[in-house]
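Here are my notes on the model. Please keep the structure open while reading them.

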Amino acid sequence: MATTETKVASSGSAAGLSWARVCKECGQQHEGLDSHLYEYQDEVDDELVCHICLQPLLRPMDTPCGHTYCFHCLSNFLKEQDFCPVDRQRLQLHQCRPSSLLVRNLLDKLTVMCPHNAECQQQMQRCELQPHLHNRCPVFRRLREEAEKRKRPSWNELKGRKGDGETSEDAKHSATQSRNHARDQPGLINPAYEESEDDNTPLRSSLVAEANVVELFRDEPEEELGLRIVGGKDTPLGNIVIQEIVRDSLAARDGRLAPGDHILEVNDVSLALVPHARAITVLRQPALLRLTVMQEKGFKLRDQRSDHHLSTPATSTASQPSHSPHGNATSNHNPGTVLQVTLMKSQRTEPLGIKLIRKSDESGVFILDLLSGGLAAKDGKLRNNDKVLAINGHDLRHGTPESAAQIIQGSEVRVNFVVMRPAEAQEEGGSSRDGQHSRASRRAPEPQYFRRRSTYMKDPPGGFSSQEKTVSLKKEPRLSLGITIAGGRDCRSRLPVYITSVQPVGCLHRDGTIKRGDVLLSINGVDLTQLTYNEAVSVLKAQTAQSQVVLRVIQTLSEDSEDDTEAGSKEELDFMDDPRDDALNWTPLWTRWLGLPSHMHWCRDVVLQKTNNESWGFSIVGGYEESHGQQPFFIKTIVPGTPAHFDGRLKCGDEIVAVNGATTVGMNNSSLIPMLKLQKNKVTLTVVSWPGSLV
């Protein structure tokens, strides 16, 4: 047995601590990439101690030779060496595997003391320290409140005038970082960041953004992270941005990344000036990925009280249910009403009586049932099928029932919910005499897609184009073309029918003209551009039975062909959205779709609503620039706690085709900004959305 003790300068005292320097997981002060520090209260078995740092194991990893180390210690060691530290056998990180659940549970149950023990003498299991810090520790709470006060700008800063008072170093850094992140891109216009001049609306400070480091480890080298990526230096977005988190993926289980996060670095490699295809290659590195990401936390209100400082702005934005961004709207596009509900427990351990579930067709956490006689049922404000957006300031829009339960269990007597209630449930009082009708009313309406109108036509972004190819073949009727396809009018993003593989045994492979990723236009004069997947398969089979086949396709092109080729050997496999095919199917990179001609785009309308002068909650890049010419407008940022965020249909990388039916083609920034500002309570955005590249 070994007695393990962690010694930290100024341990147990709040003196010298600052919110910027304290670790948000272990509560100690250490460098961002160093291992977490804990004050263990009991002797720790030698089998649970890392042989590199001589501390109890953190994220234990087993080597093939039978030794166990902290993940962080081992990965740092193997950057310099290529052998096991104990027996010096040859070793690489991708050969190692996470330790068994039993070992991880034993480590999680080690008793530790709160690092701020001068004022907080609580002891707990190691796995409970982080919830304790964020929900119960008075020192941690005070540090956070002081940081919030420093971040809050003065009246002069809000009005854009020079302030006459000095700010702390942390506040200066936060304000500079937020402003630069919001405004440093050429052509970036920000309807999300416009301040209100209405005295009845609380003024907002600059957008709050934080740079964080997130480490992800693939158990298998080919395991997907579960991120869909858009952007790159070769696109109008510039930055690499997370468009979507794939459900039940490695990133979703980790829970720290979110749609809209900007990826700045991967394993110390900057992505600031990297084309899209190159960024995808970097993100597909095996084993450990250390991502430096810029995460936007939303706005802070000028008149926000010190006792109402929830870390996620969703709660404060929806703090008045009757004035929610979507309240009482009658549009068919209205996803529902955002409400805030506060439950008060008589004691910390009292259960709320809520059953939470996840749905197969939608990400997030939903209320399945309220237990009869429970606290939530007695309160009466929460209802079955409410979608939980946040609990105590923790964003759960892409969360899991397990993470929601952990937040509730770690909370004090006050539990704040922000939920979205479907519009039908709001009107019907959450009940229906017909069970079938009730289930149908809970299902979100299918988006209505339509072809891009002639007035919305435009050229592809600079650097992207397409070319049409025609192949005429004479063949034996029984001989296959040798291609597989995906897409179709019935797939989630309304992708055109495209080729996923050209088999070596088919006649098209011998011809060599048709490539993977080509979009099918017609076969023997039969149009394929408006068919569903099954319809396209049927037409191809019927026409292939003929002795002569004329196939027309479109190939999209990019000026960054070298980078595209570099990524091509590793381009992703992806499960198709439609369950019709259980096989793995290749999908093109996001940039492949940018060169597609406008007449092949499927558009949809997204209606956003609000009842005051708050921002719509998204920023846009693009428009006419002298250096780049005419570029389409793309959504670059969606701000947490705003109408665009709560609506959930807009995604980073979406192209804005029109605003209230008026085309954006040919507009510059000075034309589009006033158009968006003039929309006080409702705006209809016509958008084209392409799925991001999967990594």
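Which charged end sits over the ring of Phe-71?

1. Arg-59 does: its charged end is 4.3 Å from the ring centre of Phe-71. The rule for a charge over a ring asks for NZ of Lys or CZ of Arg within 6 Å of the ring centre and within 35 degrees of the ring normal. Arg-126 likewise lies over the face of Tyr-38, at 5.6 Å from the ring centre.

2. A word on the basis. This is a predicted model, where local features need pLDDT of at least 70, side-chain atom pairs count only at pLDDT 80 or more, and totals for chains, interfaces and linings use all residues. Residues are numbered from 1 along each chain as its sequence is written, and side-chain values use heavy atoms, with hydrogens and water left out.

3. The overall counts. The protein chain has 19 helices and 37 strands (DSSP runs numbered from the N terminus; helices are H or I with at least four residues, strands E with at least two). Of its 695 residues, 52% are buried (buried is under 20% relative accessible area, exposed over 50%, partly exposed in between; 1.4 Å probe, protein chains only).

4. Three strands form an open sheet in the order S5-S4-S6, with antiparallel pairing (a pair needs at least two DSSP bridges). S5 (68-70) and S6 (97-98) are the edges; each has a single partner strand, so one side of each lacks a neighbour in the sheet. S4 (residues 60-62) is joined to S5 by three bridges. Asp-62 stands opposite Thr-68 in S5.

5. Helix H1 (residues 71-80) packs on this sheet and touches S4 and S5 (contact means heavy atoms within 4.5 Å). The direction of H1 makes about 95 degrees with that of S5 (axes are lines fitted to C-alpha atoms, for helices over the stretch in contact; angles run from 0 to 180 degrees between N-to-C directions).

6. Now the aromatics. The count is six pairs (Phe, Tyr and six-membered Trp rings with centres within 6.5 Å; planes under 30 degrees apart are stacked, over 60 edge-to-face, the rest tilted). Phe-71 and Phe-217 have ring centres 5.0 Å apart and planes at 70 degrees, so this pair is edge-to-face. Phe-71 is in H1 and Phe-217 in strand S10 (residues 208-217), so the pair ties together parts 146 residues apart in sequence. Phe-71 is buried at 1% relative accessible area; Phe-217 is buried at 8%.

7. Finally, a cluster. Ring pairs link Tyr-498, Trp-593 and Trp-690.
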